[in-house]
Amino acid sequence: MRRKVVAGNWKMNMTDPEAVELVKQLKESLRSFNEVELVVCPPFTSLYSTSKMLTDSNIGLGAQNLFWESSGAYTGEVSAEMLLSVGCKYVIIGHSERRQYFGEDNQSVNRKVKSAIAGGLTPIVCVGERLEQREAGKTEAVVEDHIRGAFEGLSGEQLRKLIVAYEPVWAIGTGKTATPEQANEVHLFIRELIKELYDADLSSRTRILYGGSVKPENVRSLIEQPELDGFLVGGASLKAESFAAIAREVENSTT
Ligand code: PGA
């Protein structure tokens, strides 16, 4: 049985006081949830302050990126060890915005995944096709390339520690969601690929989240799909009310 996850990717939003206020509200509105695994990923600047608030809560803390080296002359970068030291348990890796604007590729994603796992963090590894790739019938080829690239050289033991997020780029921040069937189809494809690369047991254990314009109005039909194990939520994670509404649907779907 795969425990469902709802993770909020705040992206480059929220000053520190705003982040503290949002976490305060989230703690209150998510307090009674215990089936769904809850994660918030504020910007680096608020990891420390929010971490202190989340101690002993049912909400885990994640970062939005990391660098694979453990320390040294890498101006502007942050290591797994640093993230752990402020209480992070998760880290988003290879988000399409990082691939698009910051030159991340399969190789950097792979190094980041390895360093996150070695450091004891749970990577949330993002994969997904752009609109023109979908329209050209290349969705599976792109997703396969992202998965093979991210998993290169990972043992089954390492794979066990990560979460995959399928995020079609054309659905991110656009208001266009993949239909539940479209999402499920790609999730199933990823699961089959993991089976081929590893084995059936690992494939059935790996959690695969969907991301891309997830909101309270569309979450129910998505979570009904058998291969969806939760969500990576951007825009709707910036308000306690909408993030809690999404988490509630997922919590209810487990009972
Ligand atoms: P969105 O972002 O929910 O705003 O579409 C999702 C993501 O980029 O993780």
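The backbone oxygen of Ser-70 lies 3.1 Å from a polar atom of the side chain of Ser-79, a polar contact being a pair of N or O atoms within 3.5 Å, where within protein one atom must be able to donate a hydrogen and the other to accept it, and where residues adjacent in sequence count only if both atoms are side-chain atoms. The structure is a predicted model, in which local features need pLDDT of at least 70 and side-chain atom pairs count only at pLDDT 80 or more, while totals for chains, interfaces and linings use all residues. Residues are numbered from 1 along each chain as its sequence is written, and side-chain values use heavy atoms, with hydrogens and water left out.

Ser-79 is located in the loop between strand E3 (59-63) and helix H3 (80-85), helices (H or I, at least four residues) and strands (E, at least two) being DSSP runs numbered from the N terminus. At a relative accessibility of 3%, Ser-79 counts as buried, where buried means under 20% relative accessible area, exposed over 50%, and partly exposed in between (1.4 Å probe, protein chains only). Apart from residues up to four places away in sequence, Ser-79 touches Leu-66, Phe-67, Glu-69 and Ser-70, contact meaning heavy atoms within 4.5 Å.

Thr-139, which belongs to helix H7 (residues 139-151), is likewise buried, with a relative accessible area of 9%. With residues up to four places away in sequence again not counted, Thr-139 touches Glu-129, Gln-133, Arg-134, Tyr-166 and Val-186.

Around the ligand there are 13 residues, of which Lys-11, His-95, Glu-167, Gly-173 and Ser-213 come nearest, a residue being near a molecule if one of its heavy atoms lies within 4 Å of it. By class, this shell comprises four nonpolar, seven polar and two charged residues (Ala, Val, Leu, Ile, Met, Phe, Trp, Tyr, Cys and Pro count as nonpolar, Asp, Glu, Lys and Arg as charged, and the others, Gly among them, as polar). A polar side-chain atom of Lys-11 lies 2.7 Å from an oxygen atom of the ligand, and an N or O atom in the side chain of Asn-9 is 3.5 Å from a ligand oxygen atom. For Ser-213, a backbone N or O atom lies 2.7 Å from an oxygen atom of the ligand. Of the 280 Å² of accessible area that the ligand has on its own, the protein covers 95%, as calculated by the Shrake-Rupley method with a 1.4 Å probe.

His-95 lies in the loop between strand E4 (90-93) and helix H4 (96-101) and is buried at a relative accessible area of 4%. Beyond its neighbours within four places in sequence, His-95 is in contact with Asn-9, Lys-11, Cys-126, Glu-167 and Ile-172, and a polar contact of 3.2 Å joins the side chains of His-95 and Glu-167.

The largest nonpolar core has 67 residues, and those with the most contacts inside it are Ile-190, Tyr-210 and Phe-231; such a core is a set of buried Ala, Val, Leu, Ile, Met, Phe, Trp, Tyr and Cys residues joined through side-chain atoms within 4.5 Å. A second, separate core of twelve residues includes Val-5, Cys-41, Tyr-90 and Ile-92.

Met-14, in the loop between strand E1 (5-9) and helix H1 (16-30), is partly exposed at 23% relative accessibility, whereas Asp-56 is exposed at 81%.
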